[in-house]
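Trainee: Before I look at any single position, could you take me through this fold by questions, and hold me to what can be computed from the atoms?

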Amino acid sequence: MKNTSTLKANEAAERIVQYFQENGFAGITEALIIRIRPKGADRSEIEAAFEAAHEQDIAPPVQQYFEIRPFGHYSGFRSFEEAKSAIQSDFTEALRMEIPRLFFDPAPVVTDDAMASGSKYDVLMKITDNADGYAIGILLNDPEASFLEYIGTHHGDDWKQIIGNLEITTTSLASEVDLF
């Protein structure tokens, strides 16, 4: 699908999809690159608020503590406008709960939502350390299957091995793709 948005990192998003497809993750057809920065609170306050939300079984307070802006997009099945309009449902709660770790931990960071399917994002990752107060997050989507289905088709592989392979691919991606 041709990109119709003018986001700065659209070409990087396309290269990320191509890279994962070439490295054994053929179903990944969408990457949404986002810039993340905290709104002034420190790590301990943010983590406490996210943990409290988890314990109360409510949505994480993402908008209260983080500014998140789109930075690049590529998809084989939908436009940026379509992805943007579905972001509230497609950027799942499981992945949003990991935003503090993504921001504060050094790269690489890979987190997944094994229950994601359809247009929902399966993975949120960071391949480079923060710069200028921002973390660059990458949301990946395999619209044809969830990672649980992927595991089911790879008998003998276990979840840790698959995530390990994804982490290895993510680490090597950092040297292959220039996000800026």
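Mentor: What follows goes from the sheet to the cores, and then to individual residues and backbone features.

Mentor: This is a predicted model, in which local features need pLDDT of at least 70 and side-chain atom pairs count only at pLDDT 80 or more, whereas totals for chains, interfaces and linings use all residues. Residues are numbered from 1 along each chain as its sequence is written, and side-chain values use heavy atoms, with hydrogens and water left out.

Trainee: In what order do the five strands form the open sheet?

Mentor: Helices (H or I, at least four residues) and strands (E, at least two) are DSSP runs numbered from the N terminus, and two strands pair if DSSP finds at least two bridges between them. Strand 2 (66–75) and strand 3 are the edge strands, each pairing on one side only. The pairing is antiparallel, and the order is 2-1-5-4-3.

Trainee: Which residue in strand 4 is the bridge partner of Val 110?

Mentor: Strand 3 and strand 4 (residues 123–126) run antiparallel and are joined by four bridges. Within strand 4, the bridge partner of Val 110 is Met 125.

Trainee: At about what angle does helix 1 run to strand 2?

Mentor: Axes are lines fitted to C-alpha atoms, for helices over the stretch in contact, and angles run from 0 to 180 degrees between N-to-C directions. Helix 1 (residues 10–22) lies across strand 1, strand 2, strand 4 and strand 5, and its angle to strand 2 is about 65°.

Trainee: How many residues of strand 5 are buried?

Mentor: Buried means under 20% relative accessible area, exposed over 50%, and partly exposed in between (1.4 Å probe, protein chains only). Ala 135, Gly 137, Leu 139 and Asn 141 point one way from strand 5, Ile 136, Ile 138 and Leu 140 point the other way, and all are buried. Strand 5 is therefore described as mostly covered, the count of buried residues being seven of seven.

Trainee: Which residues touch the most other members of the largest nonpolar core?

Mentor: A nonpolar core is a set of buried Ala, Val, Leu, Ile, Met, Phe, Trp, Tyr and Cys residues joined through side-chain atoms within 4.5 Å. This core has 23 residues, and those touching the most other members are Ile 36, Phe 66, Leu 124 and Leu 139.

Trainee: How many residues are in the second, separate core?

Mentor: Among its members are Ala 12, Phe 25, Phe 71 and Val 110. The size of this second core is 19 residues.

Trainee: Is Asn 141 buried or exposed?

Mentor: Asn 141 has its place in strand 5, and, with contact meaning heavy atoms within 4.5 Å, Asn 141 touches residues including Gly 27, Phe 77 and Tyr 121 beyond four places in sequence. The backbone oxygen of Ser 119 lies 3.0 Å from a polar atom of the side chain of Asn 141. Because its relative accessibility is 0%, Asn 141 counts as buried.

Trainee: What is the relative accessible area of Thr 111?

Mentor: Thr 111 lies in strand 3 (residues 109–112). Leaving aside neighbours within four places in sequence, its contacts include Leu 95, Arg 101 and Leu 124. Thr 111 is buried, and the value is 7%.

Trainee: Which peptide bond is cis?

Mentor: Most residues other than glycine have a negative phi, and most peptide bonds are trans. Pro 108 is found in the loop between helix 7 and strand 3. The cis bond, with omega near 0°, runs from Ala 107 to Pro 108.

Terms used. A polar contact is a pair of N or O atoms within 3.5 Å; within protein, one must be able to donate a hydrogen and the other to accept it, and residues adjacent in sequence count only if both atoms are side-chain atoms.
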